Amino acid sequence: MNGQVHIHPWEKRWIQFSIVLLVTFMLAVGVSAFAFGFQVPAPERQVDPNTVALEGPFANPGLRELAPGKYEVYILSQIWSFVPNEIRIPAGSTVTFYVTSKDVQHGFLIQGTNINVQVVPGYVSTLTHRFDKPGTYLFVCTEYCGIGHQGMYGRLIVEER
Ligand SMILES: [Cu+2]
């Protein structure tokens with residue numbers, strides 16, 4: 001024996017094929033993240049769902065202007081509504097959304113954008129988006145949360161400058 005590992009030619013092909021697949025997936029993730037701005041909706045911080053509506057930013061949810069054209073909005077999800085359920089911003093604004101739930105699991109999706117995140121009680125989900133096109137964007141709950149789920153939505157209105 002000369003110590004060389006013998007790999008069957010077919011096994012070698014499959015190893016090569018799986019490496020090509022891995023590289024393809026890594027490229028797809030990289031291109032989505034850097035060319036298309038996809039974000040991983042990671043939980044941003046932990047909160048106590050029992051007290052989140054009583055103290056801190058979610059006690060007074062809504063839009064806050066940080067700088068001209070730069071906003072953050074705190075949205076409290078509950079059965080079966082979002083507070084607030086109407087948000088108005090001027091076109092060209094960049095908005096960071098902070099969303100949490102005080103009861104059960106909800107979802108938060110803004111139509112026509114990449115914003116789509118799970119809203120889990122005890123966690124704050126965050127995503128950022130720039131709104132250039134004026135119009136009305138519906139945001140909806142995407143996780144079945146009970147009998148009133150289909151009525152759980154709101155409007156984000158992007159106004160002409
Ligand atoms: Cu819901």
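## Two domains

In this predicted model, the chain divides into domain 1, covering 7-39, and domain 2, covering 57-159.

## A stacked tyrosine pair

Let's turn to the aromatic rings. Searching the whole structure turns up 9 aromatic pairs. One of them joins Tyr74 and Tyr98: the ring centres are 4.8 Å apart and the planes meet at 15°, so this pair is stacked. The cut-off behind that label is an angle under 30 degrees.

Where do Tyr74 and Tyr98 sit in the chain? Tyr74 belongs to strand β3 (residues 70-78) and Tyr98 to strand β6 (residues 93-101), so the pair links distant parts of the chain, 24 residues apart. Tyr74 has a relative accessibility of 7% and therefore counts as buried. Tyr98 is buried as well, with a relative accessible area of 13%; the limit for that term is under 20%.

## An edge-to-face phenylalanine pair

Phe82 and Phe108 meet in another way: their ring centres lie 5.6 Å apart with the planes at 75°, so the pair is edge-to-face. Because Phe82 is in strand β4 (residues 81-83) and Phe108 is in strand β7 (residues 106-110), the pair ties together parts that are 26 residues apart in sequence. Both of these phenylalanines, Phe82 and Phe108, are buried.

Phe82 and Phe108 also belong to one aromatic cluster, together with Phe97, Phe131, Tyr137 and Phe139.

## Arginines over rings

Here are two places where a charge meets a ring. Tyr98, the stacking partner of Tyr74, has the charged end of Arg45 over its ring, 5.4 Å from the ring centre. In the other case, the charged end of Arg13 sits over the ring of Trp10, at 5.8 Å from the centre.

Is His106 buried or exposed? With a relative accessible area of 0%, His106 is buried. This histidine is found in strand β7, the strand that also holds Phe108.

Which side chain makes a polar contact with the side chain of His106? The partner is Asp103, at 2.9 Å. Setting aside neighbours within four places in sequence, His106 is in contact with a list of residues that includes Ser77, Gln78 and Ile79, as well as Ser101. Gln118 and Val119 are also in contact with His106, as are Cys141, Glu143, Cys145 and Met152.

Conventions:
Residues are numbered from 1 along each chain as its sequence is written. This is a predicted model: local features need pLDDT of at least 70, side-chain atom pairs count only at pLDDT 80 or more; totals for chains, interfaces and linings use all residues. Side-chain values use heavy atoms; hydrogens and water are left out. Rings of Phe, Tyr and Trp (its six-membered ring) pair if their centres lie within 6.5 Å; planes under 30 degrees apart count as stacked, over 60 as edge-to-face and the rest as tilted. Helices (H or I, at least four residues) and strands (E, at least two) are DSSP runs, numbered from the N terminus. Buried means under 20% relative accessible area, exposed over 50%, partly exposed in between (1.4 Å probe, protein chains only). A charge sits over a ring if NZ of Lys or CZ of Arg is within 6 Å of the ring centre and within 35 degrees of the ring normal. A polar contact is a pair of N or O atoms within 3.5 Å; within protein, one must be able to donate a hydrogen and the other to accept it, and residues adjacent in sequence count only if both atoms are side-chain atoms. Contact means heavy atoms within 4.5 Å. Domain bounds come from an automatic or database domain assignment.
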